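Hi there,

Here is the structure I said I would pass on. Have a look at it first, and then read on for what turned up.

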Amino acid sequence: MAVKKTEKIWHNGRMVAWDDARIHVLSHVVSYGSAVFEGIRCYKTSQGPAIFRLREHMQRLIRSAHIYRMEVPFSLDELSQAALDLVRENHMEACYLRPMVLRGYGEMGVNPYGSPIEAYMACWDWGRYLGEEALREGVDVCISSWRRPAPDTLPQMSKAAANYMNSQLIRMEAMANGYAEGIALDVNGNVAEGSGENLFVIYDGRAWTAPLANSVLPGITRSTMITFCQEFSIPVVEQSIPREMLYVADEVFFCGTAAEVTPIRSVDKVKVGAGHRGPITEKLQTEFFAITHGERPDTRGWLTPVNVAVGAGR
């Protein structure tokens, strides 16, 4: 899906023109993938644009950087305020935000310490990641031949750019074989997640999701689904999921900032449940969109109105 250019990008505390947000080809990040990032959605509501779980995303960005010994030169409040400023500056009613912290142009070599830390944040209009129809009808997916990295190789709790080389292999293989997406297994052959989404399995009335130790990202939307399940009295099981459970599940769905809540109708050409969006997935999906679009009271404080300064009224 092509990126739709906007006017401004935030760079190290100031707004610059979209075309001026550039890095040198010998920046450390280009050769070594030394960057962490976030994906955040701003939704259109009747009260104006509002960013979903802004502070949680920015906190994860800071933690991702910390794992890689990158000192983010901005505080949680400063990053959150920058996101609000960016949406306002670009006059967006709804958009996708991409904050990034990277090692820039300095020294070459695996040792990253001589390269400066830079922060960027862009936003643009980005529709449904797996398509509008996918939200209703579900998608066909496969088990990827590519595994998620073992816990002692690349840290999966960091949303690091380097991790997404693995994700690209998963997605490209799936698409080459006629599927919308792939599901990765962990080093032990248990279900981990999609190329860029967490995954839930509805089995015998319970919602199963892989624990963080199974090489999955601690997803913000994942935690949102867990909260919804608890409020709806749907038992949540954070436990290793064997591959074959996907074939006998009542429902399976992806969740994530880009994918939002997307049902899975088949895995490896094996029909999941009735072969379309199931009742629990629909219930969670309906609640998710009602909250993100401001159609229900935000009792959890998950929406940050763009036209209100960080910390105001919270």
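To start with, which helix does valine 30 lie in? Valine 30 is in helix H1, which covers residues 28-32. Before we go further, keep in mind that this is a predicted model.

Back to that valine: is Val30 buried, partly exposed or exposed? Its relative accessible area is 46%, so valine 30 counts as partly exposed. Val30 also belongs to a nonpolar patch on the surface, together with Ile23, Val25, Leu26, Tyr32, Tyr105, Met108 and Val110. Those residues have about 770 Å² of accessible area together.

Now the whole chain. The secondary structure comes to 8 helices and 17 strands. The radius of gyration is 19 Å, close to the 20 Å that the globule rule gives for 314 residues, so the chain is as compact as a globular protein of that length. Along its principal axes, the C-alpha trace spans about 50 × 50 × 30 Å. Of the 314 residues, 52% count as buried. The chain exposes about 14,000 Å², and carbon and sulfur atoms supply 52% of that area. If you take the contacts between residues at least 6 apart in sequence, 70% of them join residues at least 24 apart.

Next up is helix H8, residues 279-292. H8 has 14 residues and reaches 20 Å from its first C-alpha to its last, close to the 20 Å expected at 1.5 Å a residue. How many of its residues are buried? The count is 10 of the 14, so H8 is largely enclosed by the rest of the structure. Among the buried ones are Ile280, Leu284, Phe288, Phe289 and Ile291, and the list also includes Thr281, Gln285 and Glu287. Just after H8, glycine 294 takes a positive phi of about 70°.

That brings us to backbone angles. Most residues other than glycine have a negative phi. Two residues here are worth a look with that in mind. Aspartate 204 is not a glycine, yet its phi is positive, at about 55°. You will find Asp204 in the loop between strand E11 (198-203) and strand E12 (206-209). With 60% relative accessibility, this aspartate counts as exposed. Serine 233 also has a positive phi, near 60°, in a residue other than glycine. Ser233 is in the loop between helix H6 (220-231) and strand E13 (236-238), and its relative accessible area of 66% makes it exposed.

Finally, two loop residues with partners from elsewhere in the sequence. Where is asparagine 190? Asn190 is placed in the loop between strand E9 (181-185) and strand E10 (191-194). Leaving out residues up to four places away in sequence, asparagine 190 touches Ala184, Leu185, Asn214, Ser240, Ile241 and Pro242. Asn190 and glutamine 239 are 49 residues apart in sequence, but their C-alpha atoms are 9.9 Å apart in space.

The other one is alanine 180, in the loop between helix H5 (163-176) and E9. Ala180 is partly exposed, with a relative accessible area of 27%. Alanine 180 and aspartate 140 are 40 residues apart in sequence, while the distance from C-alpha to C-alpha is 5.8 Å.

Happy exploring!

Definitions and conventions
Residues are numbered from 1 along each chain as its sequence is written. This is a predicted model: local features need pLDDT of at least 70, side-chain atom pairs count only at pLDDT 80 or more; totals for chains, interfaces and linings use all residues. Side-chain values use heavy atoms; hydrogens and water are left out. Patches are made of residues with over 30% relative accessible area and no salt bridge: like charges are joined within 9 Å, nonpolar side chains (Val, Leu, Ile, Met, Phe, Trp, Tyr) within 5 Å. Accessible areas come from the Shrake-Rupley method with a 1.4 Å probe; for residues, only the protein chains shown count as cover. A salt bridge is a side-chain nitrogen of Lys or Arg within 4 Å of a carboxyl oxygen of Asp or Glu. Helices (H or I, at least four residues) and strands (E, at least two) are DSSP runs, numbered from the N terminus. Buried means under 20% relative accessible area, exposed over 50%, partly exposed in between (1.4 Å probe, protein chains only). Contact means heavy atoms within 4.5 Å. The radius of gyration is taken over C-alpha atoms; the globule rule is 2.2 Å times the number of residues to the power 0.38. The expected span of a helix is 1.5 Å times one less than its number of residues.
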